[in-house]
Amino acid sequence: MMELNLSRVDYLQVGVTSQKTTKLFPGAVGKTQRIVVGDQDGLLQCLQMKKGDAQVIFKAVSPKGITRVELGGPVGGARERVFLSTGSEIKGFTKKGKNFLSFDTNLSEPIQSMFVEGADLFTCGNYVYNHYKDCKDTNYFLSADKISDVLCLPMEKNDDITPVLACQDRVLRVLQDAELLYEVEVPGPPVVLQLYGKEAGEEGNEILYGTSDGRVGLVQIGRFAPSHRWELPNEKRNGGVLSLDNFDITADGVLDLIVGRDNGLVEIYSYDEAEEPVQRFNHTLSESVTSVQGGCVATPGYDEIVCTTYAGWVLGLTSEQQTKGMGPSEVVITAAASSKIDSLKQELDNLQVKVSSEREKYQQSAGSKTAISAVSGFNINDKFVLNREDASYTLSLELQLPIDNVLLQSDVPIDLLDVEKNSAVVSYSACNPEEGNYLLATYRCQANTTRLELKIRSIEGQYGTLQAYVTPRVQPKTCQVKQYNIKPLSLHQRTHVFDDNRPLNTVKLTGQFSLAEMHSWVSFCLPELPERTPPGETITFHFMSTFLDTLLECVYSKGEAVFRSDNISTISILKDVLTKEATKKKIRLDISYDINDESIAYTLNLIHPRLEYQLLLAKKVQLIDALKELQVHEEDLTFMSPEYRQILEEADALQAEFKRQPCHLERLYGMITDLYIDKFKFKGVNVKGKVPALLEVLDNYDLQTLVEFFNTSA
């Protein structure tokens with residue numbers, strides 16, 4: 001198997017880019033391919049590399065930012081025409097730059113994603129899908145949740161037009177004309193779709209998807225039902241997937257899978273004899289990768305992966321060797337390289353003169369009495385995503401400019417967890433919780449840091465707002481504030497499976513509320529819900545707790561809402577928050593509930609393995625210092641038990657794990673305490689005075705003793 005050795009080569013920088021806005025024109029054998037790239041400044045550029053320089057073939061300017069770039073052509077033929085979406089308009093260009101299409105769709109939503117197949121154009125806003133045939137509106141579909149991407153199965157292999165929508169509620173919606181054919185459940189919110197291979201597999205019905213929590217999968221879209229082929233889990237907790245492509249970079253005659261992630265990771269997977277693809281190569285960039293394309297761009301005969309980052313860098317990971325062999329021989333600089341160095345030096349000198357001149361002008365104008373300070377605006381690419389693996393939120397902030405510092409402020413208790421890749425220095429300031437300020441932390445970034453990733457864990461039942469004040473390294477100093485809602489049931493995520501056989505607690509609310517009002521209250525409590533009220537008279541959502549794996553079912557219609565869960569604390573939180581929201585609107589609620597006492601023991605059994613593991617981890621960490629002291633004084637450690645020797649061997653890993661989850665044990669204690677209080681609250685009994693006795697039982701933890709304490713206390 002050929003060893004992959006790819007080197008990074010930077011080509012140019014454009015403006016801030018959106019997802020899937022870079023494409024490569026198809027090229028002839030032995031020739032290089034052209035790059036076409038669009039940015040959020042509205043500039044489309046077609047480039048060709050000649051002698052290491054990016055030469056512009058044509059440019060086109062749009063008044064609004066470019067959200068998507070696609071290549072089109074006749075069905076089954078070469079895709080040599082460029083289509084871009086900007087606002088609600090679609091523009092088309094030939095490979096020479098002639099504008100042959102300007103089509104205003106007059107949609108109320110700006111176009112966020114699109115796909116072109118022959119004379120058919122598929123566009124999506126946030127919730128609305130439209131299909132145009134020769135620029136005439138043919139079909140329309142309103143999605144129940146936000147649409148992230150769209151594509152259509154190849155028409156030359158399929159009799160029917162089959163569009164597929166990637167939606168935020170963890171499903172792929174397969175359409176036929178304007179009707180929903182069926183839904184394909186996927187393990188995370190899908191954000192990008194790609195045909196498998198060049199023609200969607202042998203039968204033309206296989207689709208690759210990438211999710212915001214970092215998973216990649218292959219699904220076969222059958223006529224009546226889907227078939228999941230494989231899924232790559234995100235065990236290393238890499239970033240979410242932003243871009244996918246198929247290209248034979250390993251030159252073995254089989255297309256490889258290329259993945260670009262929002263943490264800057266570019267991966268190449270090969271389809272060996274195994275059922276699932278196997279990783280062959282990875283390279284980390286400092287910015288999120290919005291597009292990846294495989295092809296031959298710089299030098300004929302040398303394949304490469306062309307990547308575009310959020311900040312606008314267009315670069316290649318090329319198979320052409322960039323560094324000469326080490327040795328005493330003299331480095332020979334060619335005339336072309338020497339000329340390029342001279343031109344770059346001249347360009348730098350001109351830029352320095354220009355910067356000095358502009359700085360002087362600014363200083364002079366700033367000194368006048370009539371001066372108004374001009375604050376430079378900047379874009380922030382931010383994400384606040386729940387991770388199922390460790391029940392925490394990842395907050396990522398990305399700028400085109402270097403980040404100077406980020407100040408975090410929260411009006412609810414939250415924990416900041418360690419992130420290995422984070423090189424910023426954090427300092428905490430004293431806060432007064434009585435004034436509604438629970439966290440004040442400042443992250444000071446190193447020079448040239450454009451992306452910062454933080455991990456946060458919230459406490460369910462406590463809700464409010466987390467604010468991030470982001471200050472870039474620019475003059476004059478300017479700052480932007482981003483707000484993130486910490487919801488009452490923040491550690492729950494959407495699921496499509498609900499187990500009716502579990503012992504369930506039920507609460508039923510009736511009153512003079514509309515469907516839209518109840519939906520707004522439920523979306524205030526729970527994450528991953530659409531802003532718009534979904535169509536239909538009755539709405540059903542299912543959730544799973546990422547911390548405990550307990551389930552929640554929400555079924556509501558006009559005037560009635562029913563919530564079922566195997567965790568009584570979840571029901572209690574929902575009841576309290578919904579009652580409070582209804583009171584704000586002066587709506588009277590009638591509440592009835594059915595509490596299943598078996599659910600208490602069931603939930604305690606779910607907590608048990610986590611609590612036992614954390615207690616054992618805490619005990620091991622406590623022993624490490626004493627064992628290390630023994631190790632210093634004793635040469636022979638054979639007298640120690642195997643358990644103690646293992647603790648010494650794994651000391652660093654144990655301490656690192658304990659440091660990553662500093663308050664895990666306290667959280668579990670808190671959950672058990674809430675469960676105890678909530679159980680008796682529904683019976684009208686206040687047991688807060690017995691909490692110290694409960695904590696005493698927990699200090700000498702035994703599951704059976706704990707269950708008996710819950711059953712006998714009253």
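Ala, Val, Leu, Ile, Met, Phe, Trp, Tyr, Cys and Pro count here as nonpolar, Asp, Glu, Lys and Arg as charged, and the others, Gly among them, as polar. The model is predicted: local features need pLDDT of at least 70, side-chain atom pairs count only at pLDDT 80 or more, and totals for chains, interfaces and linings use all residues. Residues are numbered from 1 along each chain as its sequence is written, and side-chain values use heavy atoms, with hydrogens and water left out.

**Cavities**

A cavity is a set of points on a 1 Å grid over the protein atoms alone where a 1.4 Å probe fits but cannot get out, and its lining residues have an atom within 4 Å of a point. Volume is the space filled by probe spheres set on the points, which are joined across faces, edges and corners. Two cavities of 30 Å³ or more are found in the whole structure.

| Cavity | Volume | Lining by class |
|---|---|---|
| Largest | about 60 Å³ | three nonpolar, six polar, two charged residues |

Strands (E, at least two residues) and helices (H or I, at least four) are DSSP runs, numbered from the N terminus. In the largest cavity, strands S2 (22–24), S18 (190–195), S22 (241–247) and S26 each supply at least two lining residues. S26 gives the largest share, four residues. Lys20, Val192 and Thr290 are among the residues of this lining.

The second largest cavity is lined by Asp262, Ser288, Asn381, Lys383, Ser396, Glu398 and Arg451. Strand S29 (380–387) and strand S30 (392–399) each supply at least two of its lining residues.

**Ser288**

Ser288 lies in the loop between strand S25 (278–284) and strand S26 (289–295). Ser288 has a relative accessible area of 0% and is therefore buried (under 20%, with exposed over 50% and partly exposed in between; 1.4 Å probe, protein chains only). Beyond its neighbours within four places in sequence, Ser288 is in contact with residues including Asp262, Asn381, Glu398 and Arg451, where contact means heavy atoms within 4.5 Å. The side chains of Ser288 and Glu398 make a polar contact at 2.5 Å. Such a contact is a pair of N or O atoms within 3.5 Å; within protein, one must be able to donate a hydrogen and the other to accept it, and residues adjacent in sequence count only if both atoms are side-chain atoms.

**Helix H8**

Helix H8 (residues 691–699) has Val691, Leu694, Val697 and Leu698 buried. These residues cover an arc of only 110° around the axis, so they are on the same side of H8; the arc is that of the directions from the helix axis to the C-beta atoms. Pro692, Glu696 and Asp699 are exposed on the other side of H8.

Terms used
1 Å grid on protein atoms, 1.4 Å probe; cavity = no way out; pocket = protein on both sides within 12 Å on 5 of 7 lines; lining within 4 Å.
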